[in-house]
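Dear colleague,

I am passing on the structure below, and I would be glad if you could look through it alongside the notes that come after it.

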Amino acid sequence: MPDLQDDFARALVRAAAELGVTGEVEPGVEASAVPEVGDYSSALAFRLASVLRRPPRTIAEELASALRRNPGQHFGEVTVSGAGYVNLRIDYASLCPSVISRALHWGAVVSPDPAAGAKVVVEHTATNPNKAAHVGHLRNACIGDTVARLLRARGHRVEVQNYIDDTGVQVADVLVGLRHLGLAQREGEPYDRFCSRVYVEVCQRYEAEPSMLELRRDTLRQIESRRGEVAEAAKELASRIVDAHLLTMSRAGVAYDLLTWESDIIELGFLEHALAWMRQEAVITMPQAGTFRGCWVLPLEDLGGAEPEAGEAKVLVKSDGIATYTGKDVAYHLWKFGLLGLDFSYRLWSPQGPATTSADPGRAQLDPARYGHAARAVNVIDQRQSAPQRMVREALRRLGFESQAQSLHHLAYEVVALSPRAARELGVDTSDERSMYPLSGRRGVDVGADDLLDEAERQVRDKARDQLTASRLAASAVRYYLLRFGLNSIISFDFNEALRTSGDTGVYLQYAHARACRILARLEPQPLPAQLPPLEPAGRVLLRQLERFPRVVAEAADGLSPSLLASYTLALATAFNDFYEHSPRLYQVRDRDLRALGRGLVDAARATLARALELMGMHPLDRI
RNA sequence: GCCCCCUUAGCUCAGUGGAUCAGAGCGGCGCCCUUCUAAGGCGACGGUCGGUGGUUCGAAUCCACCAGGGGGUACCA
């Protein structure tokens, strides 16, 4: 179905051409701010005023008559208002049937992108596999998962990868704790929670006994060697935590196509190969003196032969021979774009779970051609890692992969912090009166993702019909809470706000959907009459929201902006609730045509709400 | 020091290709449940969009400077 707003924009461009305007014109069509003048408005006349050297109002009149001579499909009245706005009123009677029938047939692709086809790899979550996931990790996963769903709804081929950093310091820390602190898992304590506790303890011990840091260094070295008992234990620890994370994330509707293991990148020689390549191309150098003596570094600028000082280079391999995360990330991204010339083996992580990379060809189960080979990469990583992400891109560029460097997109988002109240509730000293307090796994100050989901479930349990409904409702509430903020907003986490069930919440959206389902259950399906009865104002608002859906999906997907979809869905649910409150009970409506129209709108709202909820990873509920 | 982000109603946040854009939710106030789900709807109250300048016919939105807050700038990630 053609898109009405686009049609209006195109018609305006044609009209401008009739007035003798050549070249690019931006019609600037928006929903009318004043409903009395129309449904869509354009400020084109203002923009043409300086070109045509006529008053905007005159130009608007000329545009309007050109539009009236040659109207588009579903165009109603064309008016001119204000100092020169051209307004279009929708012909609701003609638009209604096509909007409704389109809504009843949303497929996997809601809003096809003509440019889709190339593969997009979305990397998200990448939580250190050493402790329980907290609400900050959950924000990452919800953003990434929704972006992946949005891209698929545009017709892109998407592969979701979860990078498992199982050879980093955080895993080493918990391993040190497990092996040297003698802590025991408590009765009923989940393993990931237990490891969180060990992590906090070990971090405290480092402070008290700096000599313990030697244990960490040694552990890290053994992990990176990939041989021996310690390396095995690290793999075992990471595996158990990854299982816990997958379970947590699945509660929130988040799933992955592939787990990519850092240990495999090392074991299969990806890192060595990438480093050798960068040495050969003189992308990285080893300063003989100065701050970075004995490290392999990526110089940030041309220093004219001088040795780089702090801030002038990024270390990829430390002087002790251990690679930094950025070093490993370069190797990973060379593979991701299919540039490395080496590949993993692939098998299933669990029978129904995601695929995983493997360093053991003997256990390979899956076709390697399916994975990697990205044309475009979207990395969902919080804003604090902007600098390292730039380094990865810069390394690709200097190896001669300019187009891949440009196709690597760091989707940066702000962190979740604690509101002063939440911080107090978690026992943080807030006497310094800061505006927010950071989450800290290291200090044990965080909101566990599972705990939050559990708490949300308790909140809705008594009103939900069963346990499954309660858990889906809870997941919806949490997911929507984490998605409705813009990516540049720090979420000042507050329990009351996150667990609220009224107003601008996931529960409200689910309720609207379930309400539509309950209404439909009482009505026989019925074809729309050829001649539609007039639509009430609330119905017109609803129809306009329904008409807009594919456009919103396109904008949210192309702009990698889940919050756009969140605010749209709220507007749609509000329009539907408004329609519901201001229309007579449909099953009591005698007029057959009126009932058919109402049923059609409710069904379209139901289908569109369901699709919007799915795109946000929320399971649409037929009944609550 | 340098770089990035934020500052909009009492609170939490949308809105930033200029115009018809001062919006939502929460809280507080007043209404609406014999009738498809009231986790809903309606009404009133509430903001000189951090400040100052600039560009423009027109700025919450663009530019400059300033203030406050957060983050980065590590041989952590």
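This is a predicted model: local features need pLDDT of at least 70, side-chain atom pairs count only at pLDDT 80 or more; totals for chains, interfaces and linings use all residues.

Residues are numbered from 1 along each chain as its sequence is written, chains are lettered from A and ligands numbered from 1 in the order in which they are written, and side-chain values use heavy atoms, with hydrogens and water left out.

Around RNA strand B there are 65 residues, of which A33, F46, Y85, Y511 and Y587 come nearest (a residue is near a strand if one of its heavy atoms lies within 4 Å of it). These residues divide into 30 nonpolar, 18 polar and 17 charged (Ala, Val, Leu, Ile, Met, Phe, Trp, Tyr, Cys and Pro count as nonpolar, Asp, Glu, Lys and Arg as charged, and the others, Gly among them, as polar). On the RNA side, 63% of the atoms within 4 Å of the protein belong to sugar or phosphate, and the rest to bases.

Phosphate oxygens of RNA strand B lie 2.6 Å from a side-chain N or O atom of S489, 2.8 Å from one of Y508, and 2.8 Å from a backbone N or O atom of G311. The elements that give two or more residues to this surface are α2 (44-52), β4 (85-90), α13 (386-398), α19 (506-521) and α21 (562-582), and the largest share, 7 residues, comes from α19 (helices, H or I of at least four residues, and strands, E of at least two, are DSSP runs numbered from the N terminus).

Helix α22 (residues 592-615) has 24 residues, which should span 34 Å, and its end C-alpha atoms are 35 Å apart, which agrees (the expected span is 1.5 Å times one less than the number of residues). Of those 24 residues, 18 are buried (under 20% relative accessible area with a 1.4 Å probe, protein chains only; exposed is over 50%, and partly exposed in between). At the start of α22, a side-chain oxygen of D591 reaches to within 2.8 Å of the backbone nitrogen of D593, and the helix is followed by G617, whose phi is positive, near 75°.

Strand β9 (residues 313-317) is largely enclosed by the rest of the structure, because 4 of its 5 residues are buried. Strand β8 (residues 296-299) pairs with β9 in the antiparallel sense over 4 bridges (two strands pair if DSSP finds at least two bridges between them), and V315 of β9 is the bridge partner of V297.

With best wishes

Terms used: A polar contact is a pair of N or O atoms within 3.5 Å; within protein, one must be able to donate a hydrogen and the other to accept it, and residues adjacent in sequence count only if both atoms are side-chain atoms.
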